Amino acid sequence: MEKTYSLTAHYDEFQEVKYGGRYSSDILSNGMTLSLGGSLDRHTTRGRGGTLSNGRNKDLGSTSSSGGLPRWSRREICLLSALVFAAGMCVILGSMLALKYISLDAQQDPQCRQDCQRKRSLLRAARFVQSNIDPTIQPCQDFYSFACGGWLRRHGIPEDKLSYGIITAIGEHNEEKMERLLLEPIRRQGVDSAERKVKDFYRSCVNMQEIDKLGSDPMTEVIDSCGGWDMSGAPPKTPGWEREGAPQRPDFNELLYRTQGVYSTAVFFSLTVNVDDKNSSRNAIRIDQEGLTLPDSSLYLGQDEDSVKILAAYKALMERLLSMLGAHNATQKSKEIIHLETRLANITVSEYDDQRKDISTMYNRITLRQLQNIAPSLHWKRLLDRIFHDNLSEDEEIVVLATDYIQKVSDIIKSTSQR
């Protein structure tokens with residue numbers, strides 16, 4: 001049987017012959033003769049044959065193609081090229097458009113951009129107005145219903161509110177946004193970080209579990225530090241407590257500093273720092289009437305049936321709170337407190353009065369020396385020096401918005417028992 005020659009068995013030797021030829025003759029290592037039918041071109045093997053000495057011809061091109069990787073068809077190559085070309089064109093066109101818009105925006109007049117923003121704002125305002133009016137009502141007949149009918153139709157007064165309007169709705173929306181911001185994780189953890197202080201303070205107020213756990217202890221500590229309910233529990237050697245008559249009775253001005261300066265509570269009057277109403281280039285200490293628990297002075301005077309009911313409910317609530325906070329004879333103490341607040345209500349001008357709507361009639365800029373002469377029952381310089389950590393001059397100007405009220409408050413303080 002004739003011996004069969006396998007070209008793949010001598011692939012390495014064939015490669016040497018094909019890509020450089022180390023042999024000087026056409027005799028392979030096995031003794032067989034290889035006759036090359038063409039040049040050993042590395043890149044052209046199809047159509048060139050080799051004749052073996054045993055008489056068998058081998059098509060080198062067909063052997064190489066059958067043993068290599070599968071070739072792509074011409075159609076597949078054309079489709080791939082078209083896809084690559086299309087993707088490249090899209091990238092180029094997109095880049096050109098982006099550069100064009102960037103250059104146009106850079107060359108755009110700032111006034112033009114401002115006008116565009118103004119137009120967008122006007123469009124939003126127009127849509128808001130259009131959604132809130134009621135076009136079915138003639139404005140000359142009922143302008144309020146025409147202007148607000150759409151908003152009133154979509155909104156109702158909540159059960160927990162006496163009134164409701166767009167200002168209230170905006171306020172609620174802002175409070176919701178503020179709550180989300182305050183509940184976010186603290187990013188600035190520094191000791192003096194305002195963000196950390198604000199978020200810790202807010203979380204302490206909404207931590208109901210901790211508040212319920214503490215109960216009334218924090219409030220009773222504050223009351224005890226001020227001398228207790230009968231103003232007789234202060235230690236005799238505490239600085240700032242007067243010694244004449246009742247050595248353990250606290251000094252009124254010391255208590256006023258603690259409430260106004262330490263606990264930021266408006267007692268008898270409000271004390272703030274605001275922009276001067278008649279000179280916006282400076283800030284000024286401003287003193288105004290305040291000190292009532294109920295929202296309006298008319299509620300203390302019992303001028304109608306609702307006021308009487310509100311005052312009775314307030315008295316019942318006060319008795320309950322006094323009992324919970326350890327006050328003895330809470331009923332009597334609640335009567336005394338309401339009596340004092342009623343006296344303050346009689347000298348307080350209602351916020352609905354025309355006098356409170358005109359800043360020119362309320363505004364009164366006086367010196368600290370003049371304020372001391374108007375209300376001599378209070379040591380104003382010592383109070384303001386301690387609150388503002390400064391040594392104010394007696395010529396320091398202060399804005400008083402309720403001069404008559406401050407003068408009458410001084411008289412009430414002088415004639416009321418310190419207990």
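I began with the largest nonpolar core, which has 28 residues, and noted that Phe269, Ile287, Leu371, Trp380, Ile398 and Ile406 touch the most other members. A nonpolar core here is a set of buried Ala, Val, Leu, Ile, Met, Phe, Trp, Tyr and Cys residues joined through side-chain atoms within 4.5 Å, where buried means under 20% relative accessible area, exposed over 50% and partly exposed in between (1.4 Å probe, protein chains only). I then looked up where these core residues come from: S5, S7 and helix H13 (330-347) are among the elements that each supply at least two, and H17 gives the largest share, five residues. Helices (H or I, at least four residues) and strands (E, at least two) are DSSP runs, numbered from the N terminus. Apart from this core I found another, of 10 residues, including Leu299, Tyr300, Tyr314 and Ala345.

The model is predicted, so I kept in mind that local features need pLDDT of at least 70 and side-chain atom pairs pLDDT 80 or more, while totals for chains, interfaces and linings use all residues. Residues are numbered from 1 along each chain as its sequence is written, and side-chain values use heavy atoms, with hydrogens and water left out.

Next I followed strand S7 (residues 397-400), which runs parallel to strand S5 (residues 279-289) and is joined to S5 by two bridges; strands pair if DSSP finds at least two bridges between them. Isoleucine 287 stands opposite valine 400. Strand S6 (residues 365-367) pairs with S7 in the antiparallel sense over three bridges, and there arginine 365 has valine 399 as its bridge partner.

Last, I checked isoleucine 92 in helix H3 (residues 74-107), and recorded that isoleucine 92 is partly exposed, at 47% relative accessible area.
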